[in-house]
Amino acid sequence: MRAMRRDTGTLVLLGAAHSLNHSLFLVLPPLLGEISRDLGASFQSIGFIATVSFLLYGLGALVGGPLSDRFGEVRVISLSIALAGASTAVFLLPKSLGVFSAGMYLIAAWASFYHPTANTLISKRFVENTGGAMGVHGAAGSLGQILTPVVAYVLGIYLDWKFAFAFVGLLSVVVGLLLLRIPSPDGQPQAEKASLRDLLALPNIWIIVVFNVFIGLYQRGVELFFPAFLTASRGFSGEMAAVASSAALLFAVLGQLVGGWATDRWSAERVLAVASMGMVAGILLLLLSPFHILGTALFVVVFGIAFYGHQPAGTSLLGKVSPKEMMGTAYGLMFFFAFGLGSVSTTIVGYVADAFNLERAFWVMALFATMALVVALTIPRVVRLQPSGREVTQ
């Protein structure tokens, strides 16, 4: 814990960057209906743009991870946050679906470098309490995101949705420059010695990757369509739907802290299994509760704690089973599958919502959550040894 206290400034800046990295995408969900009407686009069209954006977000992680291995984490993180924020200037151009698409794609491309790089930096700096540090990093990020849906909705409705994006973008540029103050980890960055093929050959890596595919499918659909689901299927006002999205992030703070603590206290594998059970339970409460307000409230609490509680466990486990010289690449691979391939859920959910309704679309998300649980229960049997041969399963 002494190391964590000594590096509090690092975690604070990374937490702010983490928050803004996600907030750039959290502007869209509460303004989905407004943007759709303003651009004359269907939910399916916006969902497709979101899918391509998140695919870029995932593909870029495959670039950002190796870049951090070669050139150092601090430089890559600063570049990622600052240029993602600067990309929101595209929305200030005359409105069209093409301009909106270009803005989303540029944000996603630059923002994609962040996660593999930040998690590599944390894994290297906080060796003895990686789970706790990951939890604090995630909690700080979630704490900063809590107000994003509400602030974005207010700016979008009373001014214009493009100013909501620009506001978050300006904050991102400022934080990106401040990130240059973070000291680099001990040792010089080095080019990877092992090949990507060697990395992919590790069973420990693959089981975590498969889990993250289903997690990404579940998260992306819920994140984009939850406010629209509440207004269309549960009779919530736009303001209350935005508040519900922010409330989920409030409980995410608790989930990150508890998940990080539990990972260091017990094991990452156990935390992943319990969190996955919570994700399934939460979405079933949302869909099956005869009292919509109660079901929504329970989902907000359980989703916030369970989904975000799995993150420090997953990132810590990957750091333990990855070759040190390719840690950034391993995190890039993980986030590609979670954010990249997982992004197809926004197109799937958008199609089901247009063809049927958002109620059925959320049953698709329930299926994804169940599949993630099945994989999580197999992780303890697959993850046995680190590449060094040291046991990691407790």
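Guide: What follows covers some helix pairs, then a cavity and a pocket.

Visitor: First, what kind of model is it?

Guide: It is a predicted model.

Visitor: OK, helices. How do you describe a packed pair?

Guide: Two packed helices are described by the angle between their axes and the distance between those axes.

Visitor: Take α2 and α7, then. What are the angle and the axis distance?

Guide: The angle is about 160°, and the axes are 11 Å apart. Helix α2 covers residues 8–26, and helix α7 covers residues 114–125.

Visitor: And why are α2 and α7 called roughly antiparallel?

Guide: Their angle is about 160°. Angles over 145 degrees count as roughly antiparallel, so α2 and α7 fall in that class.

Visitor: Which hand is the crossing of α2 and α7, left or right?

Guide: The α2 and α7 crossing is left-handed.

Visitor: Which residues make that contact?

Guide: From α2 come Thr10, Leu14, Ala17, His18, Asn21 and His22. From α7 come Tyr114, His115, Leu121, Ile122 and Arg125.

Visitor: How does the contact of α2 with α7 split by class?

Guide: Five residues are nonpolar, five are polar and one is charged.

Visitor: What about α2 and α5, what angle and distance there?

Guide: α2 packs with helix α5, residues 73–86, at about 40°. The axes are 10 Å apart. That angle makes α2 oblique to α5. The crossing is left-handed.

Visitor: Which residues of α2 and α5 touch?

Guide: On the α2 side they are Leu14, Ala17, Asn21 and Leu24. On the α5 side they are Ile77, Ile81, Ala84 and Gly85. By class, the contact has six nonpolar, two polar and no charged residues.

Visitor: Now α4 and α17. How do they pack?

Guide: Helix α4 (residues 43–71) and helix α17 (residues 344–355) pack at about 170°, with axes 7 Å apart. They are therefore roughly antiparallel.

Visitor: Which residues make that one?

Guide: α4 brings Phe43, Gln44, Gly47, Phe48, Ala50, Thr51 and Phe54. α17 brings Val344, Thr346, Thr347, Gly350, Tyr351 and Asp354. The classes are six nonpolar, six polar and one charged.

Visitor: Switching to voids. How many cavities of 30 Å³ or more are there?

Guide: A search of the whole structure finds four.

Visitor: What's the volume of the second largest cavity?

Guide: About 180 Å³. It is lined by 14 residues. Those nearest its centre are Leu26, Glu223, Phe226, Ser245 and Phe303.

Visitor: Which elements give two or more residues to that lining?

Guide: They are α12 (203–233), α13 (238–265) and α15 (292–321). α12 gives the most, with five residues.

Visitor: And what are the classes in the lining of that cavity?

Guide: Eleven residues are nonpolar, two are polar and one is charged.

Visitor: Pockets now. How much space lies in the second largest pocket?

Guide: About 230 Å³.

Visitor: Which lining residues lie nearest its centre?

Guide: Val258, Ala262, Val271, Val274 and Ala275 do. The lining has 14 residues.

Visitor: Which elements give two or more residues to this pocket's lining?

Guide: α13, α14 (268–288) and α15 do. α15 supplies the largest share, five residues.

Visitor: Last one. How does the lining of the second largest pocket divide by class?

Guide: Into nine nonpolar, four polar and one charged.

How values were computed
Residues are numbered from 1 along each chain as its sequence is written. This is a predicted model: local features need pLDDT of at least 70, side-chain atom pairs count only at pLDDT 80 or more; totals for chains, interfaces and linings use all residues. Side-chain values use heavy atoms; hydrogens and water are left out. On a 1 Å grid over the protein atoms alone, a cavity is a set of points where a 1.4 Å probe fits but cannot get out, and a pocket is an open set with protein on both sides within 12 Å along at least five of seven lines; lining residues have an atom within 4 Å of a point. Grid points are joined across faces, edges and corners, and a volume is the space filled by probe spheres set on the points. Helices (H or I, at least four residues) and strands (E, at least two) are DSSP runs, numbered from the N terminus. Ala, Val, Leu, Ile, Met, Phe, Trp, Tyr, Cys and Pro count as nonpolar, Asp, Glu, Lys and Arg as charged, and the others, Gly among them, as polar. Axes are lines fitted to C-alpha atoms, for helices over the stretch in contact, and angles run from 0 to 180 degrees between N-to-C directions. Angles under 35 degrees count as roughly parallel, over 145 as roughly antiparallel, 65 to 115 as roughly perpendicular and the rest as oblique. A crossing is left-handed if the near helix is turned anticlockwise from the far one by less than a right angle, and right-handed if clockwise. Contact means heavy atoms within 4.5 Å.
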